[in-house]
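I opened the notebook to work through one structure. My notes follow in the order I looked things up.

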Amino acid sequence: MSDTQEINTPSFAMVRTLGMVSVICGIIIVGVYQFTLPAVNANKKLALERQVFKVLPNARKVVPYFATTGGIAVAEDTDKAPAGSVVFYAVYDAADKLAGIAAEASSSGYADQVRILYAYDVAKQAITGIGVISMRETPGIGDKILTDKAFLQNFEALDVHLSADLQGLANAVKTVKHGTKTNPWQIDAIAGATVTSKAVGRGINESAQNLLPKLVPHLDKLRNPS
Amino acid sequence: MSTPSSFDEFLDGLWKQNPIFVMVLGMCPTLAVTVSAVNAISMGLATTFVLGTSCLLVSLLRHAIPKQVRIASYIVIIATFVTVVDYAIQAISLDLYEALGAYIKLIVANCILLGRAEAHAAKNPPLPATTNAIGMGLGFTLGLFLIGCVREILGAGKLFGVALFGDHFQPWVVMVLPPGGFFVLGFWLITIAAFRHFNKKRNAQLQGAQP
């Protein structure tokens with residue numbers, strides 16, 4: 001294209017070209033989005049179930065719910081849960097009995113948000129397992145929250161029972177310095193990975209304080225869903 | 001690739017003008033996602049796909065796009081195919097999607113792409129443009145793969161997720177941290193530059209020996 005041609009390019013031609021490019025690109029994007037949507041959703045569901053099965057090994061079925069101050073309801077689409085509600089997953093075993101509750105907790109760690117999934121045991125009123133959904137903590141240091149056996153022992157039965165008025169936890173979950181855990185609601189931090197350990201504790205505390213008061217009064221609905 | 005010239009176009013990016021080792025472009029994903037061989041290959045192939053398709057479209061539209069709005073058009077085209085790859089990877093594997101993170105979306109800002117569209121695809125017919133772009137993409141993939149292998153072997157004691165050493169192996173954690181990316185990239189740049197240097201010297205000697 002020579003210089004004279006450049007100067008003579010009419011504005012209409014430029015607008016038309018950009019419009020044409022946008023239309024082509026728009027069609028491609030929408031087409032691919034529609035085409036991949038079922039696979040993406042199936043993948044998300046599978047990934048969630050895999051996480052849930054990790055924290056609740058005898059799980060067979062996972063039903064998403066959301067809890068508000070008014071009660072709980074099955075969530076058809078967890079992305080469209082009403083504002084202010086908390087999403088959780090009711091997990092059933094092979095005999096269709098309630099095996100536990102799984103919910104997400106997140107808090108900022110050393111590098112980025114640490115997102116974990118924890119299992120809540122209804123009978124014990126305790127957290128019985130955690131799994132990581134996503135984190136970008138330093139490899140070899142922060143990511144020990146997944147592998148450190150002593151740390152994971154904290155979550156064999158982390159006490160989260162509610163206070164008598166059902167407004168919050170009787171004892172806030174707290175991460176304490178390595179080797180100073182004395183109560184079942186405390187988390188013994190990993191030495192050298194305190195920031196990540198604290199993020200786990202803070203995330204669980206926030207999520208449990210928010211979810212359990214809304215959930216516990218309605219547990220019967222989960223036990224007999226029909 | 002039927003004619004020798006288009007094969008040359010293809011080899012250009014793979015070796016002679018390798019985007020990582022010769023042109024030193026696209027350093028952001030090069031350093032960020034090469035903690036494992038699988039991540040490196042996936043990132044490379046995603047970039048190759050975006051390169052190939054966007055250069056094809058740019059080349060097809062090269063007569064229709066006025067010079068004044070070319071950058072805007074190229075960026076829209078590149079962004080489209082990056083979005084396509086983004087959805088495709090989500091559909092293939094969420095684990096991979098998590099591992100590559102923001103770097104898939106950042107392909108759009110990879111200077112190899114706009115560079116290819118502007119310097120090559122906008123001036124050439126679809127076949128050579130696409131061939132050249134795919135060659136560049138595979139050259140990029142090769143570069144990422146070489147870095148990813150070294151970092152995964154040393155940083156995790158694994159290759160493609162398979163443990164190579166016994167339990168006594170103590171991983172070099174630094175290799176999976178950002179500095180490790182610089183170390184390994186530097187190592188490969190030196191190795192390849194040295195190889196080229198000796199090759200050139202030998203060729204010169206051979207030519208000198210022959211009257």
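Leaving aside its neighbours within four places in sequence, which residues is Ile77(B) in contact with? I found Val21(A), Cys25(A), Ser54(B), Leu57(B) and Val58(B) in contact with Ile77(B). Contact here puts the C-beta atoms, placed from the backbone, of two residues within 7 Å.

Ground rules next. The model is predicted, with local features needing pLDDT of at least 70, side-chain atom pairs counting only at pLDDT 80 or more, and totals for chains, interfaces and linings using all residues. Residues are numbered from 1 along each chain as its sequence is written, while chains are lettered from A and ligands numbered from 1 in the order in which they are written.

**Cores.** I looked up the largest nonpolar core and got 50 residues. Ile77(B) is among those with the most contacts inside it, as are Val50(B) and Ala117(B). A nonpolar core is a set of buried Ala, Val, Leu, Ile, Met, Phe, Trp, Tyr and Cys residues joined through C-beta atoms within 7 Å. Buried means 20 or more other C-beta atoms within 10 Å of the residue's own; exposed means 12 or fewer, partly exposed lies in between, and C-beta atoms are placed from the backbone. Helix H2 (11-55) of chain A gives two or more residues to this core, and so do several helices of chain B, including helix H7 (126-156). H7(B) gives the most, with twelve residues. I also noted a second, separate core of 44 residues, which includes Ala67(A), Ile72(A), Met135(A) and Phe155(A).

**Interface.** I found 23 residues of chain A in contact with 22 residues of chain B. On the chain B side, H4(B) gives the most, with eleven residues. That side divides into 15 nonpolar, five polar and two charged residues. Ala, Val, Leu, Ile, Met, Phe, Trp, Tyr, Cys and Pro count as nonpolar, Asp, Glu, Lys and Arg as charged, and the others, Gly among them, as polar.

**Chain A.** I read off five helices and nine strands. These are DSSP runs numbered from the N terminus: helices are H or I, at least four residues, and strands are E, at least two. The C-alpha trace spans about 85 × 50 × 30 Å along its principal axes. Buried residues make up 28% of the 226 residues.

**One loop residue.** Ala75(A) sits in the loop between strand S2 (71-74) and strand S3 (86-92) of chain A. Why is Ala75(A) counted as partly exposed? Because it has 19 C-beta neighbours inside 10 Å. From Ala75(A) to Lys124(A) I noted 26 Å, C-alpha to C-alpha, at 49 residues apart in sequence.
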